[in-house]
Amino acid sequence: MMDLHSHIDLYENPLDVARKADQLNEFTLAVTTSPKAWLIASEKLQQFKNIKIALGIHPEIAHERCDELDLFISLLRKTNFVGEVGLDGSSHLKSFFDIQRSIFKRIIKECSLLGGRVVSVHSRQASSDVLNCLYQYPYTDKVVLHWFSGSIIDLKLAIKIGCKFSVNEAMLKSKKGREIISQLPMNLVLPETDGPFLQRRKTPIMPWNAIDVKEGLSKIWNVSEEEVEATFRKNLNEILKV
Ligand code: MN
């Protein structure tokens, strides 16, 4: 099926994972954590037609990689996919928050100048700051908020500006995650794994497992699993539209 947020390059055996994901998924977004990682992943994974490699600077390491921002900007012309980018307001990263914000703002600005990109965005404990940065972006319908865990007020604002949401099975296991999902219009939702960080019984979740969220979603939304799956396909086509 599809996975809108997978760290394929961080599995123990990226090529094996990529080969199988390419066979089993019609679309996998392989996010990266730095422009240098994107260069390596692009070279190794370009043979797989159903995998797109997203150019990223992960907010948790943004302060260590700010010297790669110029490289990021120069590579942005070569891809339609950006991620993982965003902001992380966790307390241990507080002192780097201004650096994170200036990097994220610049990335969003450059994406607008190039006519928009599909962007997978991290917003842990920073959803209102993320939305403040996105508010100026004319292509928010191409933004996919990954593992959203912000307030319902921020959620409503994100829906209003047309952001998409990629949801994973950890969200289905938490009360807050289920509440967020229950507020989401079906036409804005896509499946993700966030593997290998997300695990099942101490084993990393795989890109072809993303679709398993359809069971939980069908219960929350009170529609059939087939309808959830058909909606995912429609939503994917929507964000991939030029
Ligand atoms: Mn991630």
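This is a predicted model: local features need pLDDT of at least 70, side-chain atom pairs count only at pLDDT 80 or more; totals for chains, interfaces and linings use all residues.
# Briefing on helix packing, a manganese site and selected residues

The axes of helix 6 and helix 8 (residues 175–183) come within 11 Å of each other and cross at roughly 35°. The manganese ion is held by donor atoms from two histidines, His 5 and His 7, together with Glu 84 and Asp 194.

**Helix 6 and its two partners**

- Where helix 6 passes helix 8, the crossing is right-handed, and the contact brings Ile 152, Leu 155, Lys 156 and Ile 159 of helix 6 together with Glu 179, Ile 180 and Gln 183 of helix 8.
- Sorted by class, the residues in this contact of helix 6 with helix 8 comprise four that are nonpolar, one that is polar and two that are charged.
- Helix 6 (residues 152–160) also packs with helix 5 (residues 127–134), the two axes coming within 10 Å and crossing at roughly 20°.
- Because an angle under 35 degrees counts as roughly parallel, helix 5 and helix 6 are described as roughly parallel to each other.
- Helix 5 passes helix 6 in a left-handed crossing, and here Ser 127, Ser 128 and Leu 131 of helix 5 meet Asp 154, Leu 157 and Ala 158 of helix 6.
- The contact of helix 5 with helix 6 is made up of three nonpolar residues, two polar ones and one charged one.

**Helix 9 and helix 10**

- The axes of helix 9 (residues 213–221) and helix 10 (residues 225–240) come within 8 Å and cross at roughly 110°, and the two helices are therefore roughly perpendicular to each other.
- On the side of helix 9 the contact involves Val 213, Lys 214, Glu 215, Leu 217, Ser 218 and Trp 221, which meet Glu 225, Val 228, Glu 229 and Phe 232 of helix 10.
- These residues of the contact of helix 9 with helix 10 divide into five nonpolar, one polar and four charged.

**The manganese site**

- The donor atoms to the manganese ion are NE2 of His 5, NE2 of His 7, an OE atom of Glu 84 and an OD atom of Asp 194, at 2.3 to 2.4 Å.
- Along the sequence, the donor residues of the manganese ion follow the spacing H-x1-H-x76-E-x109-D.
- Distant parts of the chain are linked by the pair of His 7, in the loop between strand 1 (2–6) and helix 1 (14–24), and Glu 84, in strand 4 (residues 81–86), which lie 77 residues apart.
- Both His 7 and Glu 84 are buried.
- The peptide bond that leads from Gly 83 into Glu 84 is cis, with omega near 5°.

**Leu 198 and Glu 169**

- Leu 198 is located in the loop between strand 8 (189–191) and strand 9 (199–200), and its relative accessible area of 10% makes it a buried residue.
- Setting aside residues up to four places away in sequence, Leu 198 touches Trp 147, Asn 168, Glu 169, Ala 170, Thr 193, Pro 204 and Ile 205.
- Ala 170, one of these partners of Leu 198, is 28 residues away from Leu 198 along the chain, with 7.6 Å separating their C-alpha atoms.
- Glu 169 lies in helix 7 (residues 169–173) and counts as buried at 13% relative accessibility.
- Apart from neighbours within four places in sequence, the contacts of Glu 169 are with Leu 198, Arg 200, Ile 205 and Val 213.

**Backbone features in the loops**

- Most residues other than glycine have a negative phi, and most peptide bonds are trans, which gives the background for the next points.
- The peptide bond from Gly 195 to Pro 196 is cis, with omega near 0°, and Pro 196 lies in the loop between strand 8 and strand 9.
- Trp 147 is not a glycine, yet its phi is positive, near 50°; this residue sits in the loop between strand 6 (143–146) and helix 6, and at 32% relative accessibility Trp 147 counts as partly exposed.
- Lys 202 likewise has a positive phi, of about 65°, although it is not a glycine; Lys 202 is found in the loop between strand 9 and strand 10 (203–204), where it is exposed with a relative accessible area of 78%.

How values were computed: Residues are numbered from 1 along each chain as its sequence is written. Side-chain values use heavy atoms; hydrogens and water are left out. Axes are lines fitted to C-alpha atoms, for helices over the stretch in contact, and angles run from 0 to 180 degrees between N-to-C directions. Helices (H or I, at least four residues) and strands (E, at least two) are DSSP runs, numbered from the N terminus. Angles under 35 degrees count as roughly parallel, over 145 as roughly antiparallel, 65 to 115 as roughly perpendicular and the rest as oblique. A crossing is left-handed if the near helix is turned anticlockwise from the far one by less than a right angle, and right-handed if clockwise. Contact means heavy atoms within 4.5 Å. Ala, Val, Leu, Ile, Met, Phe, Trp, Tyr, Cys and Pro count as nonpolar, Asp, Glu, Lys and Arg as charged, and the others, Gly among them, as polar. Donors are N, O and S atoms within 2.8 Å of the metal (3.2 Å for Na, K and Ca); water is not among the atoms, so sites may look incomplete. Buried means under 20% relative accessible area, exposed over 50%, partly exposed in between (1.4 Å probe, protein chains only).
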